[in-house]
Amino acid sequence: MNEAQTTSLEEVFNRRIDAEEKIEPKDWMPEKYRKTHIRQISQHAHSEIVGMLPEGNWISRAPTLRRKVALLAKVQDEAGHGLYLYSAAETLGISRDELLDQLHDGTAKYSSIFNYPTLTWADIGAIGWLVDGAAIMNQVALINTSYGPYSRAMVRICKEESFHQRQGYEILMTLMKGTDEQRAMAQDALDRWWWPSLMMFGPRDDESPNTAQSMRWKLKRKSNDELRQAFVDQTVPQAELIGLRIPDPALCWNEERGHYDFGEIDWDEFRQVVQGNGPCNRERLEARRAAHRNGTWVREAALAHAAKQADRDSLRKAI
Amino acid sequence: MTAAAAPDTRTLADFVIGMADNDLILAQQLGKLCGHGPNLETDIALTNISLDLFGQVRSCFQYAATLLGNGATEDTIAFLRKEHEYRNVLLVEQPSLDFGHIIVRQFLYDVFHHLLLERLQFSADETIAAIARKSIKETAYHVRFSADWLVRLGDGNDESRARAQAALDHLWPYADEWFLPTAVESAAAAAGIGADLPSLREPYQRKVAAVLREATLELPADTHFRKGGKQGIHTEHMGYILAEMQSMQRTYPGMQW
């Protein structure tokens, strides 16, 4: 294909995106579109499965049977999200095994929030409320993204995430209605998770290089700072309603802007965690690698058995 | 045969709790594996089984709590007993050493569990019968899942076969305890509420043998069967399972979560 043909294909492609048409796996797409989508969808998938670890840490210690079942179901939903997202990425011509290799060798990223530890039961509430809440802000916009399989995965994921968010908030609400010790546990969780949650929206707009291209492809519909502001505006009243204090002395309502003003994120901490120096980066990656390594013989056995079955079937047909 | 008089409430509660303790401890063990499976599909499937079992536990313990009264709840029963008060068989507390052990433990229990529920769906106690009828569909799926995997591992490659056989050699001695009735189980069986447990041994061994044949695995010879869990005398693994499971309720007594 010569350059002129590629240019005209790309024009048609761009017009389709502008007209809100979905791009499907077999459609022509620019190489950069394909690569960017593999990167973003697989990062999202990795975040789901690494995200199972901090919450999974409390399944065995959940305080009641009702909470245990709800948490187990939530973590299972995340495995399901990982599965749809890997499948969506596979439609772009890469295998799940390749994507997992990228996660395990450290070349692929996942959401840094999961490199923070879950130290108390209240952290399970804080993750549901804040982390799933922040994720929804990003993901609702992606329901209308241009790539069909990703957009459709988002519809289902968003429904489940918003259920998780309510569940997390309800855990904290219950703690705030409980004893002094329980209220302190809830406040401590918010103190530790608030700033990492704001970091989930990524660098400030003036330091976010991919935004323009991603906006064009509808991989992004609002900028990092707009989403972060929307999250703060939504979350502050929810905290106040149950008596939690946001750990930010600079936080105040700005009548003129119609938004909350809030303090500066510790961008040095943000960079450190992205670079692998967060509290649990090594543990998370090692847990994923160990699961994969310990499962190798199981996956090989399943393949060996399937091959034997196929041989037997063809033998039976031949007879 | 005329059924004996209905057992007293305490005996009935003990019967329901003892039955569900197997599900509780196995579900707890499976829950801990969530996020660490060989692939996402098996992770999701084992979590499903764990969720089914916890669901069955909750139905049983809620029923037992109404029988016991006196402030008992599903959570006081699940979390606030001493080790010797748990009546699960030793099999379910055995550790998840590798996927072979996880599948063999699951298969050996699932086959028994399904046979038990087949009987309990006709229990003279309506609540037990209703719980069994609901659970039996789930448990039929558990048997299918664990039997399929056992065949895949046994009839897979050399390594998987060796691992599955090692797990079977290790766990088979725990696969007879459930046929030995306690006084509570005998009373429940006599009243038409429980099952005649020794009569399940023959169909159990037949089903296990059929799957093992397909899996090209062999039962160990001259097995000395282990027992004691149903009397509350557990293995050393049990203390750690409970320490973890009970930690919140023990650290923060009497709080709402």
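1. Ground rules come next. This is a predicted model, in which local features need pLDDT of at least 70 and side-chain atom pairs count only at pLDDT 80 or more, while totals for chains, interfaces and linings use all residues. Residues are numbered from 1 along each chain as its sequence is written, chains are lettered from A and ligands numbered from 1 in the order in which they are written, and side-chain values use heavy atoms, with hydrogens and water left out.

2. Chain A has 12 helices and 2 strands. Helices (H or I, at least four residues) and strands (E, at least two) are DSSP runs, numbered from the N terminus. Their order from that end is α-α-α-α-α-α-α-α-α-β-β-α-α-α. Along the principal axes, the C-alpha atoms of chain A fill a box of roughly 75 × 50 × 35 Å.

3. Of the 319 residues of chain A, 52% count as buried. Buried means under 20% relative accessible area, exposed over 50%, partly exposed in between (1.4 Å probe, protein chains only). Take contacts in chain A between residues at least 6 apart in sequence: 76% of them join residues at least 24 apart. Contact means heavy atoms within 4.5 Å.

4. Two backbone points deserve a look. Most residues other than glycine have a negative phi. A:Glu20 has a positive phi, near 65°. A:Glu20 sits in the loop between helix H1 (3-18) and helix H2 (31-56) of chain A, and is partly exposed at 43% relative accessible area. A:Lys218 also has a positive phi, about 60°. The loop holding A:Lys218 runs between helix H8 (211-216) and helix H9 (224-241) of chain A. A:Lys218 is buried, with a relative accessible area of 10%.

5. There are 2 cavities of 30 Å³ or more. The search uses a 1 Å grid over the protein atoms alone; a cavity is a set of points where a 1.4 Å probe fits but cannot get out, and lining residues have an atom within 4 Å of a point. Grid points are joined across faces, edges and corners, and a volume is the space filled by probe spheres set on the points.

6. The largest cavity has a volume of about 90 Å³. Its lining includes B:Met19, B:Asp23, B:Gln56, B:Cys60 and B:His113. Helix H1 (9-33), helix H2 (40-68), helix H4 (99-120) and helix H5 (126-154) of chain B each give two or more residues to this lining. By class, the lining has 8 nonpolar, 3 polar and 1 charged residues.

7. The second largest cavity has a volume of about 70 Å³. Among its lining residues are A:Glu55, A:Arg67, A:Lys74, A:Trp121 and A:His164. Helix H3 (65-90), helix H5 (121-142) and helix H6 (148-176) of chain A each supply at least two. The classes here are 5 nonpolar, 4 polar and 3 charged.

8. At the interface, 46 residues of chain A are in contact with 48 residues of chain B. The buried area is about 4,000 Å², with carbon and sulfur atoms giving 68%. This is accessible area (1.4 Å probe) that two parts lose on being put together, summed over both. In chain A, A:Leu65, A:Gln76 and A:Trp297 lose the most area to chain B, together 20% of what that side buries.

9. Between chain A and chain B the count is 3 salt bridges. Each is a side-chain nitrogen of Lys or Arg within 4 Å of a carboxyl oxygen of Asp or Glu. One salt bridge pairs A:Lys308 with B:Asp155, the closest N and O atoms being 3.0 Å apart.

Technical notes
1 Å grid on protein atoms, 1.4 Å probe; cavity = no way out; pocket = protein on both sides within 12 Å on 5 of 7 lines; lining within 4 Å. Nonpolar A, V, L, I, M, F, W, Y, C, P; charged D, E, K, R; others polar.
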